[in-house]
Amino acid sequence: MDISNVGSGVPHDSNTAANRETDFAHVSVLCRELIGGLDVRAGGSYLDVTVGGGGHSRSILAAAADVCLWGIDRDEQALAAARSRLSAWENRVVLWHGNFADFDPGATRFDGIVADLGVSSPQLDRPERGFSFQHEAPLDMRMDRTQSLTAADIVNHWDADALADVFYHLGEERLSRRIARAVVAQRPFASTTALAEAIARSVPRKYRYGRIHPATRAFQALRIAVNGELDALDTLLARAWQWLVPGGKIGIISFHSLEDRRVKLCFRNCPELTVLTKKPLIAAEDELATNSRARSAKLRIAMRVETDAREQ
């Protein structure tokens with residue numbers, strides 16, 4: 001697929017555009033550090049593979065004259081909000097609904113590529129999306145609600161060994177087998193809160209009242225499994241450097257060690273990339289004061305090496 005022939009996958013309705021942007025309000029993390037690291041060029045082409053509500057994309061478009069931007073997201077609600085937020089640059093923006101692991105830019109090459117791997121605030125805060133156990137909601141967790149697999153399918157139908165593997169490998173949950181056995185014994189589960197309460201009852205009292213809720217890691221693992229997040233990231237990391245022009249930069253924001261480790265190793269081991277951040281960039285105190293969800297964010301930036309430098 002050549003994206004030069006692809007229009008926005010989001011229908012534009014001027015009567016509801018403002019509502020869409022408001023309904024998917026999300027504060028993009030590490031925006032200042034990301035834009036500075038990209039060194040946005042006038043007339044450049046940029047790809048945001050997790051456009052979300054369009055926060056990072058808007059900053060890229062505003063950073064220099066005549067910038068063109070391609071944006072990808074699995075969430076149709078996010079794309080609708082991005083369409084509204086980026087409307088001032090409508091003739092220089094292409095939006096595509098889908099998984100970035102399935103994206104093919106054809107012959108197009110980019111001066112910069114960005115990815116924010118976190119779950120957006122609207123996804124977390126809307127109970128009906130089922131990402132959080134803070135509110136009672138169906139066990140959903142799908143970023144793309146056109147896909148069939150949900151968290152309920154995994155929780156209620158996978159066997160104890162498969163569940164334990166998910167909790168351990170994707171959530172780094174050390175009590176994975178104990179939790180999996182409890183889930184299997186008490187299922188079916190229909191809601192986020194019921195599952196979280198069952199997990200809390202299954203662990204020792206000391207663990208139950210620790211620094212984080214005992215269901216936190218299991219819920220992270222289920223979300224990653226439902227959306228195939230690590231497989232998609234691995235695919236992106238294997239391909240994205242090929243989409244950059246020589247000297248083009250890629251910046252990836254991760255939120256947990258499973259993601260950050262992959263980004264770090266890819267940037268370090270890819271001969272086509274030069275690492276620009278020896279240590280990941282993290283949020284400054286002024287950002288944390290207004291957006292506590294930035295606390296776990298880590299940004300790594302790399303540059304595709306110039307052809308002459310690679311051949312020396």
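So, to start: what percentage of the 312 residues of the protein count as buried? It's 54%, where buried means under 20% relative accessible area, exposed means over 50%, and partly exposed is in between, using a 1.4 Å probe and protein chains only.

Before I go on, some housekeeping. This is a predicted model, so local features need pLDDT of at least 70 and side-chain atom pairs count only at pLDDT 80 or more, while totals for chains, interfaces and linings use all residues. Residues are numbered from 1 along each chain as its sequence is written, and side-chain values use heavy atoms, with hydrogens and water left out.

Okay, the overall picture. The protein has 15 helices and 7 strands. Those are DSSP runs, numbered from the N terminus: H or I over at least four residues for helices, E over at least two for strands. If you take the contacts between residues at least 6 apart in sequence, 72% of them join residues at least 24 apart. Contact here means heavy atoms within 4.5 Å.

Let's look at the sheet. It's an open one of 7 strands, in the order β3-β2-β1-β4-β5-β7-β6, and the pairing is mixed. Two strands pair if DSSP finds at least two bridges between them. At the edges you'll find β3, residues 93-97, and β6, residues 273-275, each pairing on one side only. On average, neighbouring strands are turned by 20 degrees against each other, ignoring direction. For angles like that, axes are lines fitted to C-alpha atoms, for helices over the stretch in contact, and the angles run from 0 to 180 degrees between N-to-C directions.

Now find β4, residues 110-116. How many residues of β4 are buried? It's 7 of the 7, so β4 is largely enclosed by the rest of the structure.

Two packed helices are described by the angle between their axes and the distance between the axes. For α8 and α9, the axes come within 9 Å and cross at roughly 125 degrees. That makes α8 oblique to α9; under 35 degrees counts as roughly parallel, over 145 as roughly antiparallel, 65 to 115 as roughly perpendicular, and the rest as oblique. Who meets whom? From α8 we have R178, I179, A182, V183 and Q186, and from α9 there's L195, A198, I199, R201 and S202. By class, that contact has 6 nonpolar, 2 polar and 2 charged residues. The classes are Ala, Val, Leu, Ile, Met, Phe, Trp, Tyr, Cys and Pro as nonpolar, Asp, Glu, Lys and Arg as charged, and the others, Gly among them, as polar.

Now some backbone details. Most residues other than glycine have a negative phi, and most peptide bonds are trans. With that in mind, look at the loop between α8 (176-186) and α9 (192-202), where P188 is found. The peptide bond from R187 to P188 is cis, with omega near 15 degrees.

D39, in the loop between α2 and β1, isn't a glycine but has a positive phi of about 50 degrees. D39 counts as partly exposed, at 48% relative accessibility. E172 sits in the loop between α7 (160-171) and α8, and its phi is also positive, near 50 degrees. At 39% relative accessibility, E172 counts as partly exposed.

Last stop, C31 in helix α2, residues 31-38. Is C31 buried or exposed? Buried, with a relative accessible area of 18%. Leaving aside neighbours within four places in sequence, C31 is in contact with G55, H56 and S59.
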